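I opened a new notebook page for this structure.

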Amino acid sequence: MKKGKFSKMADDDVEELQESLSKFCTEKPNTHLILVAVQKCVSSGKWTRLLECLTRSDHKDALEFVGWELIGVISQAIADDFESDGLEERKKILQLIAERCSAKEVCIGVLEQLDSGTDCHFNNFVTLLDTLKTAIHRLQEKKSKYVGMALPCVTRYIKGIQLSDEIETEKESGSECLKMPSIMKHVLDFLRPLVQEVSLQSSSAEISPSSSCISQLGPEIIKCLIQLLDYPLVFVDLAKHSKENTDLDNEDDESISEEKCSLTVMEYRTIALEIMKFIHMANGSYLYLMEYTSKTYNNVQEKSNKTSDRDVSAEEEYDDEDEQERSCYPVLGLGCFVYLLLVEKMEDRNIPAVFSFRYLLRVNIKSILFLLSRTEHGVIYKGLGLLETLSKRLKDKSLVYNQYEFKDLMDIVKVDTTFDFQLILSLGSYKCYDDVFIKEIGKCTCRLRAVQVLPNLVSKLDTRSRYGLLYTVLQDCSHPGVAGLLIHLLKEQVDQALSTSEDEPWFQGSRLMSILQLVFKPPSGAGTDKDLVQETDRVMAALNCLRFVLLRDESDKTTVWRNFTTIEKDFTEPLRQASKVTRLQYQAELTNKRDEIAGNKSKNMEQSTEFSVKNPDGKALELMSLADQCEALQSGLYSLDMMDSVLARITEIATSRSKGGK
């Protein structure tokens, strides 16, 4: 009974719509009656009947007059009820409106919906985008204004989609495809005819008023494409991973996950490649975009220096100009563009092959710094890849000291050493990227690449720059693993300096001793509450460096022998004491853990200590099983044995020299 009553009401709604459309006249338009009748049909779900009414030829005038006002009603219904039937009919209605109504009014109506503060569902966004595409195509040479209004709406919508939220939604629903790639493909479909039109116009020799309007689309399209690189592509894995690097010996579920990850990467790479093609077709100069970040921020520095002695108003004027210039293209988007061009070799044929790698490194050093300054490991990976690609082709010592370029390199190395171990080890907190986008990077790829890039970069610097870099970074370096790597690089420089017959002004004598003073010092707090095992990388590197110099430098060019008494007082003796204290703590903790395993819990409670040991990932041992805790404590004792062994060897070398032996 209720169903029949509802059906009758729905039929009445359709009849009311037909009546209001039939009585329409342009002199006294009954717009309100038509909108109310359409809303009733939408509420009752009579989409097929609604489409039939609107497509009738005798209702053409009414549709043209009121059509653009129906966009909000139809699109809202798609957003509110996107999983129900009738989606195709709704799309057809919007397409009908786009084809028959005023193209300008349709564009305004669609843009109002896209730019509204409410959330826009995926289906609704795609449908509105298709509607806008049809309306803009009808505008011919008058389309540039509306394209310029539409593109910011599109990029704002994409930036409103959180990658982490999207992944969680896909996991909960069990879907195997991601929403973002699908949206990106629809956006590129929207841009494709516009890009083709700009490309065709640029290749034509004919000049007309319409051609100038179309040529204005190029910069707007390029800006939109760089925005798409800025988000989301800079955050996802775009590297071309070889099949040899894929681990096929995992369990079935891991293999399936790896395969899905690979398919996702291929999907994003396809999108990135098309964006690179579109940039070129839209008359985007690859060289201009590649140099943009460097020139923009160098100009800012120059203006800042010029206005340092001027009044405040002049500085504010420059700041406004600089901010407007910088806002044209986002720095991460440009960094991603350069990464795709130079590392992934996408459309690299569109850039002249005459530039040296030294020049490419110089103009892209700002982009590298911006990429490495982020905390997202997908962005960091791109910065490392770009730095490695541009630096590995350089000759050793080819980067001669320059005050401004050295400052940029210092900033890069400081960022590099900051995340080298410290940040990469904590990447487990970024779970939203590990499973879908860059699983390989989340494991060890980024860390290994950082370890490889830093020594390679140091080798390209001249001697003065190497000295300044090592000295400056060692002053502020607080992570044992990074410090160990830097001390190893320092030892190699000392070896090179001792191998030459000429006097080395930087890695011999008093200058070298200034760096070694940063190396030959015990960790802060050692011997009290400091866990010496956590400083193993730094301590072992310093001890090995000291042993190497004592054996290698018989003529004391480094002045280490001359200062050995001070080194022994300030470095080796405190280390021996710290090793004893740490050993006692570890042995006590190991005994307690073994007692727990043996079942002596009461004894353990009485003799427990407050000493807490952490593994290299920073997790407390209490989070591990007792057996694993014992294994970690035993491993720490082995590390202390290594330190004591090298300390004994250093003492042996010093004693042998004092007795006149070798």
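**Entry 1: H25 and H26.** I began with a helix pair: Val 539, Ala 542, Leu 543, Leu 546 and Leu 550 in H25 meet Phe 564, Ile 567, Phe 571, Thr 572 and Leu 575 in H26. Contact here means heavy atoms within 4.5 Å. Ala, Val, Leu, Ile, Met, Phe, Trp, Tyr, Cys and Pro count as nonpolar, Asp, Glu, Lys and Arg as charged, and the others, Gly among them, as polar. H25 covers residues 536-552 and H26 residues 564-598; their axes come within 12 Å and cross at roughly 150 degrees. The axes are lines fitted to C-alpha atoms, for helices over the stretch in contact, and angles run from 0 to 180 degrees between N-to-C directions. I logged the crossing of H25 and H26 as left-handed. That word applies if the near helix is turned anticlockwise from the far one by less than a right angle; clockwise would be right-handed.

**Entry 2: ground rules.** The model is predicted: local features need pLDDT of at least 70, side-chain atom pairs count only at pLDDT 80 or more, and totals for chains, interfaces and linings use all residues. Residues are numbered from 1 along each chain as its sequence is written, and side-chain values use heavy atoms, with hydrogens and water left out.

**Entry 3: the whole chain.** I found 28 helices and 0 strands in the protein chain. Both are DSSP runs numbered from the N terminus: helices are H or I with at least four residues, strands E with at least two. Of the 662 residues, 48% count as buried. Buried means under 20% relative accessible area, exposed over 50%, and partly exposed in between (1.4 Å probe, protein chains only). Among contacts with a separation of 6 or more, 80% join residues 24 or more positions apart.

**Entry 4: H23 and H24.** I looked up H23 (residues 480-499) and H24 (residues 509-519), which pack at about 150 degrees with axes 12 Å apart. H23 is therefore roughly antiparallel to H24. The cut-offs: under 35 degrees is roughly parallel, over 145 roughly antiparallel, 65 to 115 roughly perpendicular, and the rest oblique. H23 passes H24 in a left-handed crossing. Ile 487, Leu 490 and Val 494 of H23 make the contact with Leu 512, Ile 515, Leu 516 and Val 519 of H24. I counted the classes as 7 nonpolar, no polar and no charged.

Is H23 enclosed or open? In H23, 14 of the 20 residues are buried, so the helix is largely enclosed by the rest of the structure.

**Entry 5: single residues.** Thr 155 is in H8 (residues 144-159). Thr 155 counts as buried because its relative accessibility is 10%. Thr 155 touches Cys 224 and Gln 227, not counting residues up to four places away in sequence. Leu 372 lies in H17 (residues 357-372) and is buried at 1%.

**Entry 6: loops.** Where does Pro 232 lie? I placed Pro 232 in the loop between H12 (217-230) and H13 (252-281). The peptide bond from Tyr 231 to Pro 232 is cis, with omega near 10 degrees. Gln 140, in the loop between H7 (122-139) and H8, has phi near 55 degrees, a positive value in a residue other than glycine. Gln 140 is partly exposed at 44%.
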